[in-house]
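Please walk through this chain step by step, with the sequence and the model side by side.

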Amino acid sequence: MRKNSIKNTRINAEVQRELSNILRGGIKDPRIAPMTSVVAAEVAPDLKTCRAYISVLGDESVQQETLKGLKSAEGYIRRELARTLNMRNTPEIRFILDQSIEYGVNMSKKIDELTRDLKDEAE
């Protein structure tokens, strides 16, 4: 199975959707921030491993606590994933912090400030 095959793309989307549902409704760990979302999921072609990219709204300490909470709840998350998805193997999940949304928001703010400054100078 190639990496960009239709089957692998469909599995990635299903795993991402189910991980989002589990994070939203199933985990009671107080370390996990309420504004945590799954940005993407990449399941290996052999279905053994999965890299889940998560985005956490908050500062650095909130993000690190959320990662610790997710790592400790990994067994529960994997068991719920196995229960909801009908796959031959349930992948081992590794959570990776994705800061692209935060980076985009910061860049957008900088662009807005710059255009406002240029507008003020023009007047």
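In this predicted model, Leu47 counts as buried, because its relative accessibility is 7% and the cut-off for buried is under 20%. Leu47 sits in the loop between β1 and β2, and its phi is positive, about 65 degrees, although Leu47 is not a glycine.

In soluble globular proteins, nonpolar side chains tend to be buried together. Here the largest nonpolar core has 24 residues, and those with the most contacts inside it are Val15, Leu19, Ile27, Leu70, Ile77 and Phe95. At least two residues of this core come from each of α1, β1, β2, α2, α3 and β3, while α1 gives the most, with five residues. To see how one member is placed, follow Leu19, which, leaving aside neighbours within four places in sequence, is in contact with Val38, Ala52, Ile77, Leu81 and Ile93.

Side chains of opposite charge can pair when their charged atoms come close. The model has six salt bridges, among them one between Arg17 and Glu14, at 2.7 Å from N to O. Both of these residues lie in helix α1, three residues apart, which is about one turn of the helix; Arg17 is partly exposed at 41% relative accessibility, and Glu14 is partly exposed at 30%. Another salt bridge joins Lys68 to Glu65, with the closest N and O atoms 3.8 Å apart, and this pair lies in helix α2, again three residues apart. Through salt bridges that share partners, Glu14, Arg17 and Glu18 are joined into one network.

Technical notes. Residues numbered from 1 in each chain as written. Predicted model: local features only at pLDDT ≥ 70, side-chain atom pairs only at ≥ 80, totals over all residues. Heavy atoms only, no water. Core = buried A, V, L, I, M, F, W, Y, C linked by side-chain atoms within 4.5 Å. Buried < 20%, exposed > 50% of the residue type's maximum accessible area, 1.4 Å probe, protein only. Helix = DSSP H or I, 4+ residues; strand = E, 2+ residues; numbered from the N terminus. Contact = heavy atoms within 4.5 Å. Salt bridge = Lys/Arg side-chain N within 4 Å of Asp/Glu carboxyl O.
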